[in-house]
Amino acid sequence: RMYFPFKPLPHCQDVVGLLQLPPQRRPFTNWWHRYVDGVNPDRPHAVIVARFLRSEGIDPYKLPRDEIEDLRTKYMQEFRWFARKDDAGKDLEGDERETFALKNLRDKYRARLARLRSVAAQQPTVAAR
């Protein structure tokens, strides 16, 4: 047989002191903000869509996830398929292509963006911790 000697603790408060963990050393950021802003996971097109929504007067933090994902999908569709050449037939590259895709998104989904403005205005603000 093996015996394990235990030292008795004089007070119950000492047990609580042993179970407490040290405080975190890193600042906490809200995962939803990081997701919407495209920071975690790293999604460059999500950064563009979040910036576009803010320029349209919509707070992307207040939108439901399915709306954000659908707008990201619509943006990528515009970027990949319809923003290859401008109206004059000139090939688009880089920032010009991104700008043209956002212009198409704004024109095609004007009513939807207006609805999202009203939805975001009715939602309470999500505070960063």
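Helices (H or I, at least four residues) and strands (E, at least two) are DSSP runs, numbered from the N terminus. The model described here is predicted, so local features need pLDDT of at least 70 and side-chain atom pairs count only at pLDDT 80 or more, whereas totals for chains, interfaces and linings use all residues. Residues are numbered from 1 along each chain as its sequence is written, and side-chain values use heavy atoms, with hydrogens and water left out.

The protein chain contains six helices and zero strands, and its elements follow the order α-α-α-α-α-α from the N terminus. Of its 129 residues, 30% are buried, a term that means under 20% relative accessible area, with exposed meaning over 50% and partly exposed lying in between (1.4 Å probe, protein chains only). Contact means heavy atoms within 4.5 Å. Among contacts with a separation of 6 or more, 59% join residues 24 or more positions apart.

Helix 4 (residues 65–82) has 18 residues, and its first and last C-alpha atoms are 25 Å apart, close to the 26 Å expected at 1.5 Å a residue; the expected span is 1.5 Å times one less than the number of residues. Its buried residues are Glu67, Ile68, Leu71, Arg72, Tyr75, Met76 and Glu78. These pack against helix 2 (31–36), helix 3, helix 5 and helix 6 (110–122).

Two packed helices are described by the angle between their axes and the distance between the axes. Here axes are lines fitted to C-alpha atoms, for helices over the stretch in contact, and angles run from 0 to 180 degrees between N-to-C directions. The axes of helix 3 and helix 4 come within 10 Å and cross at roughly 105 degrees. Helix 3 is therefore roughly perpendicular to helix 4; angles of 65 to 115 degrees count as roughly perpendicular, those under 35 as roughly parallel, those over 145 as roughly antiparallel and the rest as oblique. On the helix 3 side, the contact is made by His45, Ala46, Ile48, Val49 and Leu53, and on the helix 4 side by Leu71, Arg72, Tyr75 and Met76. This contact of helix 3 with helix 4 comprises seven nonpolar, one polar and one charged residues. In this scheme Ala, Val, Leu, Ile, Met, Phe, Trp, Tyr, Cys and Pro count as nonpolar, Asp, Glu, Lys and Arg as charged, and the others, Gly among them, as polar.

Helix 3 (residues 44–55) also packs with helix 5 (residues 95–108), at an angle of about 50 degrees and with the axes 12 Å apart. The two helices are therefore oblique to each other. Ile48, Arg51 and Phe52 of helix 3 meet Glu98, Leu102, Leu105 and Arg106 of helix 5. By class, the residues of the contact of helix 3 with helix 5 are four nonpolar, no polar and three charged.

Within helix 5, the buried residues are Glu98, Phe100, Ala101, Leu102, Asn104 and Leu105, and their cover includes helix 3 and helix 4. Asparagine 104 lies in helix 5 and has a relative accessible area of 12%, so it is buried. Not counting residues up to four places away in sequence, asparagine 104 touches Glu78 and Phe82.

Aspartate 37 lies in the loop between helix 2 and helix 3. With a relative accessible area of 19%, aspartate 37 is buried. Leaving aside neighbours within four places in sequence, aspartate 37 is in contact with Ala46, Val47, Ala50, Arg54 and Tyr61. Its C-alpha atom is separated by 8.5 Å from that of proline 60, 23 residues apart along the chain.
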